[in-house]
Amino acid sequence: MKLSVNGESHEVNLPEDMPILWTLRDVLGMTGTKFGCGKALCGACTVMLDGQPIRSCSTPISAAQGKQITTVEAVSKDKVGQAIQQAWVELGVPQCGYCQSGQVVSATALLRDNPNPSDADIDNAMSGNICRCGTYNRIRDAIKLAATNNGGAQ
Amino acid sequence: MNTSLKNESLQTEITNISRRNLLKGFALTGFVLAVGMPFSGFAEDEEAPKYGRDAMPHGWVDNPLIFVAIAEDGSVTIVSHRSEMGQGVRTSLPMVVADELEADWEKVKVIQAPGDEERYGNQDTDGSRSVRHFFMPMRNVGAAARMMLEAAAAAHWGVGVDEVFAENHQIKHRPSGKVLGYGELAKAAAALDVPERETLRLKNPDQFRYIGKQSTKLIDGEDIVTGKAIYGIDVQVDGMVHAVIARPPVYGGKVKSFDDSEALKVPGVIKVVLLKGSPPPAVFNPLGGVAVIAENTWAAMQGREKLKIEWDHGENASYNTDEYRQKMLEAASSSGGKVLRSSGDVAKALETADKTYKADYYIPHLSQAPMEPPVATARIQNGKCEVWAPTQAPQASKDTVAKWLEMSPEDVTIHVTLLGGGFGRKSKPDYLVEAALLSRAMQGRAVQVTWSREDDIHNGYLHTVSIEHLEAAVNADGKATAWLHRTVAPSISSTFDASSVHQMPIELGMGVMNIPFAIDNVQIENPEAKAHTRIGWFRSVANIPRAFAIQSFIAEMAHDLDRDHKAFLLELIGPARKINPVELNDEWNYGESPEKYPLDTGRLRRVVEAVCEKANWGRDLPAGRGLGLATHYSFVSYTAAIVEVEVSEDGELTIPRMDIAVDCGPQVNPERIRSQMEGACIMGVSLATVGEISFKDGAVEQDNFDSYQVTRMNESPREIHVHLLPADDFNTPLGGVGEPGLPPIAPAICNAIFAATGKRIRNLPIRYQLES
Ligand code: FES
Ligand code: FES
């Protein structure tokens, strides 16, 4: 089976119901994408599949055939992702940081889709991403900052 | 360059390096540890009682040769010996060193110490102690290194050391304007003697460049947002295999029999291993069970689902939290429990009072549920064991793994990774032992044990379950005359002694003994409570139920007496005075000296007044909204919170705003203090509104974040305002930061709900209680 991750193609010989998460982490050695619940409940494992945020713990590799997987490791390849990462650093969003891979990917997907999100848009896009350390308020501020820096909110 | 730290193989850098380097260690060049043992700061007088950092196992170390290395290119490497779990310690303590060293933060790298307390001093990252205990030792480290660089430069120029000074990564010669960079001086400086502690020239606080400032960038920030940061679950070791374990669902249970034939058929499964259980007390021992080892975590999980296991559940199989709560209520309602503190005559005061109050407050078990579940990787080679893990307790990990492998602790190395949250769960090294035992079962091959979220929730070291029973009396003027508190909760001590039914000093010193109220008749009792699950530390620990009960109760009294809550609270706290905790029978005082750290009611009053002013206490609000106030003293810091809630007609709760004021003494890294307070506010919302672990037939009823809920972005307070109250100066003793923000949140929320709706919540979580 062929998997395209961050623009690179990988040939893998795995059961087709194997989740993308464990394929990335344990087979391809890409550990940026995190495990938090395994049941699509926490968002730690969020990656983009053809630009749409998905929970990789609950998405089998068969669903990624012919599609592009983008992980946190490649978020900086586009302008929106960079703006998100910069805003995250500038506002000191992370505490332990473990959920932040998923937060950064979800926020990047949001902002690509919607350059000027309202509070309600942010709630909708981000409430699937749990942060046990409680960085939500800074995440909200950072999304708004990134939107401004990226020419969204004026 | 042929110089390197002798222990380079023990140093593990946890970010910014390739996998291979993670295992090879990190060669430090520059400062060389020549000979001799680190000088540690133990007091000379062995007889005198020890407090604070002096009283911790292995004390503290302030030798710059242990903590700092400077390379020829000028890069400064600082060792973080405390674990990073989101509190920012890998930034805050190295930042203290860098400040005294006059180092440029952009040129600072931080590496993580392995578990080795003889070398680094105490490493137990808990109790809100890291900065409180290591601010001074780390200042010493930086100052000593700076003075060695100054001395090296003075020798090089052949001038007096009083003619040179350090500034921004350079030593300058004042009269001539000559300059040498730290990299150029590193080697010569490293050859000099470390100055005696008494001769160190510390900076004046007005010279600080990072300490107390808002601007220091998080050392791991960039790595985190780019996915490069290495947590325990991200460790990869050559040849590593993956394991998950089916553990006994009931505390003290064990495997009766199992059938692994189907599990072994799952593609990728390599081996199934029976792990011996350990009967209570749990201590830090693994729970035992059946492990499935596979080529990847997913295959191991699939294999585990195919196991058929018959359990012997043991004596805790009848643990039901509903029944247990009734039992606790009964214990709380009768006198005869152990009396811990008694002044005046409470019974008589209650009997003869004009008015009395009585209430019970319940908080269920809670799971820390750090986003990164417990995980560890172990490998055994040539009679030595290496473990990579996110642990708050590196030394206890070393000792416990060594005990289980029957090795000497010197043969066990604990590499501390970043922690994806800890909150007390990762103070217990049971999961490291599991990895080590499974590596042994695989002839030393590297094994990574991952806990699923279900494992984390089913088999935790939970926050206790508690009833706090309060009674009070007031006289005809509405002044409080009596205070009775019965605290009923299984103790953390039961995790170390299965027969224990009473709370220990550290739990009693968390807001039950050390209440500072100006009331004549006070009695504090602790009826028995037996544990039926592993009880552990959870951020803020026993302060959570005490603050909830006491701060709710005071609001209830104020309301009944038609008094303003703030005014009544301040009246109870009484005038500003410094109370010696020993007079309150609090023998613990967070391990700090009772003289240096009295309970200062002036400071408690000040946080209450500050938060009321900032949040505009008493402001008019539309119908359905209310403000709630609460305060608490914990970890030798003072906090007060005001929460604004809105409750819709169908009982939906939202939180438009929270204010929290904190006085934690001098603020070393104010930016991280703010983030800790923000996080505490949200964790407080979690436990107040949705957090609950319940038991049926001995087993936890919740499984994952669907049934054990935590607060999400859409439910979190829309605004959080943190108010940091300045200390007089940097000579004021430091207070804790990681935990003190949490206790006042739940009662402030419930007091606000009462203000909004007239409904009083005495049992957490609130969950559906607001639906009419
Ligand atoms: S790990 Fe995938 S949503 Fe939690
Ligand atoms: S930063 Fe720790 S879980 Fe979000």
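## A strand pair in chain B

Val241(B) stands opposite Val447(B) of strand β17(B). The two strands concerned, β7 (residues 241-246) and β17 (residues 447-450) of chain B, run parallel and are joined by three bridges. Strands here are DSSP runs of E with at least two residues, and helices are runs of H or I with at least four, both numbered from the N terminus. Two strands are taken to pair if DSSP finds at least two bridges between them.

This is a predicted model, in which local features need pLDDT of at least 70 and side-chain atom pairs count only at pLDDT 80 or more, while totals for chains, interfaces and linings use all residues; side-chain values use heavy atoms, with hydrogens and water left out. Residues are numbered from 1 along each chain as its sequence is written, and chains are lettered from A and ligands numbered from 1 in the order in which they are written.

## The seven-stranded sheet

Strands β7 and β17 belong to an open sheet of chain B with seven strands in the order β9-β10-β7-β17-β14-β15-β16, and its pairing is mixed. At its edges lie β9 (269-275) and β16 (412-416) of chain B, each of which pairs on one side only. Neighbouring strands of this sheet are turned by 25° against each other on average, direction ignored.

Helix α9 (residues 297-305) of chain B packs on this sheet, where the helix touches β7, β9, β10 (289-294) and β17 of chain B. The direction of α9(B) makes about 30° with that of β7(B); axes are lines fitted to C-alpha atoms, for helices over the stretch in contact, and angles run from 0 to 180 degrees between N-to-C directions.

## The five-stranded sheet

A further open sheet of chain B has five strands in the order β12-β20-β19-β18-β13, again with mixed pairing. Its edge strands, β12 (338-343) and β13 (355-363) of chain B, each pair on one side only.

Strand β13(B) runs antiparallel to β18 (residues 466-474) of chain B, and nine bridges join them. Within this pair, Ile363(B) has Ser466(B) in β18(B) as its bridge partner.

## Backbone exceptions

Most residues other than glycine have a negative phi, and most peptide bonds are trans. The bond from Pro280(B) to Pro281(B) is cis, with omega near 5°, and Pro281(B) lies in the loop between β9 and β10 of chain B. A cis peptide bond also leads from Leu764(B) to Pro765(B), with omega near 0°; Pro765(B) is found in the segment after α20 (745-757) of chain B.

His169(B), although not a glycine, has a positive phi of about 75°. This residue is placed in the loop between β4 (164-167) and β5 (170-173) of chain B.

## The interface of chains A and B

In chain A, 50 residues are in contact with 61 residues of chain B, contact meaning heavy atoms within 4.5 Å. The two chains bury about 4,500 Å² between them, 58% of it on carbon and sulfur atoms; buried area is the accessible area (1.4 Å probe) that two parts lose on being put together, summed over both.

Seven salt bridges are found across the interface of chain A and chain B, a salt bridge being a side-chain nitrogen of Lys or Arg within 4 Å of a carboxyl oxygen of Asp or Glu. Lys39(A) forms a salt bridge with Glu454(B), their closest N and O atoms being 2.6 Å apart. On the side of chain A that touches chain B, α5(A) gives the most, with five residues.
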